[in-house]
Amino acid sequence: MASIITIILIIVSITLITFVLMQPGRSAGLAGSISGGAEQLMGKQKARGVESFLAKTTVVLAVLFFIGTISLAYFL
């Protein structure tokens, strides 16, 4: 059982690393912090499309990683 969980955990961790590296940066330096409110007012929504998919998939993979790590610790 532990070997199956280990294999699944390795696959999930590599996928999680890939999805985190594919995400764009959250800040654009000082200019991003100053114009951040203006972007929200003007209706620029970056949370659609690929970025939204990457963010949601990252959360799901992180939860799977934590569940896999806890279950691996339980079965060892």
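Predicted model: local features only at pLDDT ≥ 70, side-chain atom pairs only at ≥ 80, totals over all residues.

Trainee: Where is Ile8, and what makes Ile8 partly exposed?

Mentor: Ile8 lies in helix H1; helices here are DSSP runs of H or I with at least four residues, strands are runs of E with at least two, and both are numbered from the N terminus. Buried means under 20% relative accessible area, exposed means over 50%, and partly exposed is in between, with a 1.4 Å probe and protein chains only. Ile8 has a relative accessible area of 48%, so Ile8 is partly exposed.

Trainee: Why is H1 called roughly antiparallel to H4?

Mentor: Helix H1 (residues 2-22) and helix H4 (residues 50-75) pack at about 155°, with axes 9 Å apart. The axes are lines fitted to C-alpha atoms over the stretch in contact, and angles between N-to-C directions run from 0 to 180 degrees. Under 35 degrees counts as roughly parallel, over 145 as roughly antiparallel, 65 to 115 as roughly perpendicular, and the rest as oblique. The angle therefore makes H1 roughly antiparallel to H4.

Trainee: By class, which residues does the contact of H1 with H4 have?

Mentor: There are 16 nonpolar and eight polar residues, and no charged ones. Ala, Val, Leu, Ile, Met, Phe, Trp, Tyr, Cys and Pro count as nonpolar, Asp, Glu, Lys and Arg as charged, and the others, Gly among them, as polar.

Trainee: How do you know whether Thr58 is buried or exposed?

Mentor: Thr58, in helix H4, has a relative accessible area of 13%, so Thr58 is buried. Neighbours within four places in sequence aside, Thr58 is in contact (heavy atoms within 4.5 Å) with Leu16, Phe19, Val20 and Gln23.

Trainee: Which residues make up the largest nonpolar core?

Mentor: Its five residues are Val12, Leu16, Phe19, Leu54 and Leu61. Such a core is a set of buried Ala, Val, Leu, Ile, Met, Phe, Trp, Tyr and Cys residues joined through side-chain atoms within 4.5 Å. H1 gives the most to this core, three residues.

How values were computed. Residues numbered from 1 in each chain as written. Heavy atoms only, no water.
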